[in-house]
Amino acid sequence: DAMDREILELVKKNTFVVVPRAEAGSREIVPSTWVFKRKRKPDGEISKLKARFCVRGDQQRETGQTMAETFAPVVDWGTLRTLFALTIQFNLYSQQIDFKNAF
C-alpha cells in the first residue's frame, strides 16, 4: 500500500516515464532503490508504513560525463534565524509545513 501511494504520487506529478529496457537503446538506465520506514506509536505499535522511491542521481551521466555534483534542499541556520527574527520584529504569523512528496 505504501509503495502504491508513492508510485501514484510520482505518476500524478509526471516525475518519470517508464521505458521498457528493450526500448532504452543506447540510453543509460539510472539505478534506483526503495527505502522503507515504519512509524511507531509511543507504545511501539506500528502506526504507518512509508515507502520512498529513490533514483541514484549520482550515477547519472550527461553527455558522457558522470554528474559529480549533488544538491540537497537544506536551509542555512543563519537564514532561518533571520526569518524568525523578522517574523518577531514585524509581528508576522509563521507556520510549519511538511510536504509528503516535494517534486
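## Close-up views of a predicted model

**View 1. Lys12 and Glu9 sit about one helical turn from each other, being 3 residues apart in helix H1.** Helices here are DSSP runs of H or I with at least four residues, strands are runs of E with at least two, and both are numbered from the N terminus. Lys12 and Glu9 form a salt bridge, with their closest N and O atoms 3.3 Å apart. That term stands for a side-chain nitrogen of Lys or Arg within 4 Å of a carboxyl oxygen of Asp or Glu. Lys12 counts as exposed, at 60% relative accessibility, while Glu9, at 25%, counts as partly exposed. (Buried means under 20% relative accessible area, exposed over 50%, and partly exposed in between, using a 1.4 Å probe and protein chains only.)

This model is predicted, so local features need pLDDT of at least 70 and side-chain atom pairs count only at pLDDT 80 or more, while totals for chains, interfaces and linings use all residues. Residues are numbered from 1 along each chain as its sequence is written, and side-chain values use heavy atoms, leaving out hydrogens and water.

**View 2. Glu9, Lys12 and Lys13 are linked in a network of salt bridges.** Look for Lys13 here: its side chain meets that of Glu9 at 2.8 Å, N to O. Lys13 is partly exposed, with a relative accessible area of 32%. Side chains of opposite charge can pair when their charged atoms come close.

**View 3. Helix H1, residues 2–12, has Ala2, Glu6 and Leu10 as its buried residues.** Seen down the axis of H1, these residues fall within an arc of 65°, so they line one face of the helix. The arc is taken from the directions from the helix axis to the C-beta atoms. On the other side of H1 you will find Asp4, Leu8 and Lys12, which are exposed. The buried residues of H1 pack against strands S1 (32–40) and S2 (46–55), where contact means heavy atoms within 4.5 Å. Just after H1, Asn14 takes a positive phi of about 50°.

**View 4. Strands S1 and S2 form a hairpin with 5 residues between them.** The two strands run antiparallel and are joined by 9 bridges; strands pair if DSSP finds at least two bridges between them. Follow Phe36 across to its bridge partner in S2, Ala51. In the turn, Gly44 has a positive phi of about 95°.

**View 5. Glu45 forms a salt bridge with Lys41.** Their closest N and O atoms are 4.0 Å apart. Glu45 is partly exposed, with a relative accessible area of 44%, and Lys41 is partly exposed too, at 38%.
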